[in-house]
Amino acid sequence: MSSISNTIEYFKDDFSKGLFPLDTNKIVITNNANAISDYVYQQVLNSSSTKEHFLPQARCHAAKHGLHLRRTFKLDPVAEFYIYDLVYRNKSSFRKDFSENRLSFGHRFQDGKPIPLSTAYRKFKRAVSKANSEFEYGLKLDIASYFNSIYHHDLVKWFDNGRDQSDVEGIGQFLREINSGRSVDCLPQGIHPCKVIGAEFLKFIDNSRLLKSELTLRFMDDIYIFSDAEKMIQHDFLLIQHLAGEKGLSFNNSKTKQGKVALSDVDEQIEEVRKQLLHVRTELVETYNGEEEVEIEEELTLAPEQEEYLYSLLHTPDLEEMDAELILTFMSEKGEDVLEYLTVFFEKFPNLSKKVFYFCKNIDDKSGLAQVMESHLDNSEVVTEEQLFWFGKIAEEHLSETPEIGSILIKLLEHNYASDISKSKVLESAEQRFGLPDIREQYLRLGRADWLAWSSAVGTRGMSRNNRNHLLKYFSNVSQMNFLVASSVRELP
């Protein structure tokens with residue numbers, strides 16, 4: 001299999017796990033990867049050419065707990081292809097740990113494939129639990145706003161360690177240009193290649209010979225230290241803060257925990273049934289609000305008392321986020337029972353929008369689902385960008401045959417909190433009703449080279465080939481990016 005084919009498979013396998021998975025990127029990359037590769041490596045990264053560059057990338061915001069936002073980029077097809085290709089070609093340079101006492105988990109490759117994060121996270125939690133029972137003292141650390149705090153030159157310097165010089169210069173140009181020259185907050189979040197970079201970068205902590213504790217365990221920026229001597233824990237706590245501080249990184253005071261730090265601090269506070277569900281879920285409370293989202297791959301079955309417990313949660317007036325997460329995870333076969341409570345999920349937990357999207361396939365009453373969504377769009381005072389994006393996905397995949405679909409699509413485009421990225425989710429769909437072709441045509445005929453134009457171009461795939469190609473002919477003349485997008489869509493049936 002060619003290198004480009006491997007990159008495409010890597011991208012496709014990771015696509016649905018991203019924060020804002022726009023089909024525009026999937027269609028362009030899978031159908032035009034060779035042309036994108038030629039453009040990147042022969043023009044954008046060609047030192048003798050000053051005409052072509054990586055474009056400055058659109059900012060977008062994923063919701064976290066309590067309306068906190070995670071700031072990142074939505075990479076265009078060229079930039080997204082490049083970072084997947086760069087990391088995949090260099091996959092062997094992301095090595096295993098050097099010591100059994102200094103372990104990091106996941107965010108690497110094995111047999112040419114990314115290690116599944118669910119598998120890695122399970123191993124990580126088992127290791128933490130085991131260490132928590134074996135050592136007298138422990139400490140848990142979490143880097144505050146890790147990805148948003150990494151410094152461009154530190155990343156390039158780290159990457160320049162036995163790798164091809166052209167790739168070192170390439171990643172430097174990529175990080176600089178996508179962020180319009182700003183030196184901090186330059187690494188995108190939510191996609192596997194950037195997680196690999198972020199996890200590997202922190203190995204300067206794992207590999208420090210000055211650490212004195214018997215064991216350190218790390219999953220991305222969650223760090224656990226264990227020792228039988230409290231002074232060793234204290235020494236390493238100070239040392240790690242100094243090491244991270246040299247890279248401009250600091251730690252989240254509220255998430256620093258000392259003592260028995262693995263499972264007991266959570267389990268002792270919750271009832272037995274909930275504890276059982278949490279262990280099956282393999283995630284604990286602190287992870288729900290962290291930077292990592294770990295996919296659950298195995299089938300989940302419930303004992304009668306566990307199912308009864310979840311039904312009782314549905315009727316709880318002050319439903320907590322952790323319990324809402326459990327309902328969406330375990331009640332997938334009870335979609336109709338949960339439907340009437342989705343208003344609470346939409347209003348209180350916008351950060352669970354992606355999980356709600358996957359849950360909606362289990363709801364048979366699609367019109368009822370559409371009515372709940374439309375009511376939320378009409379009546380809620382605050383709707384996040386990410387929630388609007390996933391509403392667009394729900395509408396596209398589940399609501400196309402409902403009477404409410406036209407009204408919902410227009411409201412998603414006109415909502416006060418709509419962004420270019422959330423609007424693009426609607427525009428890129430193949431839907432040809434409700435005036436969407438006219439809206440797309442406005443963006444395609446105005447000489448634009450941005451997400452609204454690119455997604456509109458992809459949305460023309462639902463038109464006849466003659467009409468589609470007539471629109472795309474002039475759109476493609478605006479920029480090289482437009483040309484790459486248009487040529488991808490022209491080849492579609």
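**Burial and helix packing**

Student: How many of the 14 residues of H7 are buried?
Tutor: Helix H7 is mostly covered. Helices here are DSSP runs of H or I with at least four residues, strands are runs of E with at least two, and both are numbered from the N terminus. Buried means under 20% relative accessible area, exposed means over 50%, and partly exposed lies in between (1.4 Å probe, protein chains only). Of the 14 residues of H7, the buried ones number 10.

Student: Which pLDDT do side-chain atom pairs need in order to count?
Tutor: Residues are numbered from 1 along each chain as its sequence is written, and side-chain values use heavy atoms, with hydrogens and water left out. This is a predicted model: totals for chains, interfaces and linings use all residues, local features need pLDDT of at least 70, and side-chain atom pairs count only at pLDDT 80 or more.

Student: Which elements do the buried residues of H7 pack against?
Tutor: Buried positions of H7 include Asp-167, Val-168, Phe-174 and Ile-178. Contact means heavy atoms within 4.5 Å. The buried residues of H7 pack against strand S2 (69-74) and against the helices H2 (23-44), H3, H6 (152-159) and H8 (192-201).

Student: Is Gly-170 buried or exposed, and which residues does Gly-170 touch?
Tutor: Gly-170 is found in H7 (residues 165-178), and its relative accessibility of 2% makes it buried. Leu-45 lies 125 residues away from Gly-170 in sequence, yet the two C-alpha atoms are 6.3 Å apart. Not counting residues up to four places away in sequence, Gly-170 touches Leu-45, Phe-54 and Tyr-82.

Student: Which residues of H3 are buried?
Tutor: H3 is mostly covered, with 12 of its 13 residues buried. These are Pro-77, Val-78, Ala-79, Glu-80, Phe-81, Tyr-82, Ile-83, Tyr-84, Asp-85, Leu-86, Val-87 and Tyr-88.

Student: How far apart are the end C-alpha atoms of H3?
Tutor: The expected span of a helix is 1.5 Å times one less than its number of residues. For the 13 residues of H3 (residues 77-89) that gives 18 Å, which agrees with the separation of the end C-alpha atoms, 18 Å.

Student: At what angle do the axes of H1 and H3 cross?
Tutor: Axes are lines fitted to C-alpha atoms, for helices over the stretch in contact, and angles run from 0 to 180 degrees between N-to-C directions. The axes of H1 and H3 come within 9 Å, and their crossing angle is roughly 110°.

Student: Why does H1 count as roughly perpendicular to H3?
Tutor: Angles under 35 degrees count as roughly parallel, over 145 as roughly antiparallel, 65 to 115 as roughly perpendicular and the rest as oblique. The axes of H1 and H3 cross at roughly 110°. That angle makes the pair roughly perpendicular.

Student: How do the residues of the contact of H1 with H3 divide?
Tutor: On the H1 side the contact includes Asn-6, Tyr-10 and Asp-14, and on the H3 side Glu-80, Tyr-84 and Arg-89 are among the residues. Ala, Val, Leu, Ile, Met, Phe, Trp, Tyr, Cys and Pro count as nonpolar, Asp, Glu, Lys and Arg as charged, and the others, Gly among them, as polar. The residues of this contact divide into six nonpolar, three polar and four charged.

Student: What separates the C-alpha atoms of Glu-9 and Ser-213?
Tutor: Glu-9 lies in helix H1 (residues 3-15) and is partly exposed, with a relative accessible area of 29%. Ser-213 is 204 residues away along the chain, and the two C-alpha atoms are separated by 41 Å.

Student: Which residues of H24 and H26 make their contact?
Tutor: The axes of H24 (residues 451-459) and H26 (residues 480-490) come within 9 Å and cross at roughly 15°, and the two helices are therefore roughly parallel. From H26 the contact takes Met-481, Asn-482, Val-485 and Val-489, and from H24 it takes Trp-454, Ala-457 and Val-458.

Student: Which residues is Gly-462 in contact with?
Tutor: Gly-462 sits in the loop between H24 and helix H25 (465-475). With a relative accessible area of 37%, Gly-462 is partly exposed. Leaving aside neighbours within four places in sequence, Gly-462 is in contact with Ala-430 and Gln-432.
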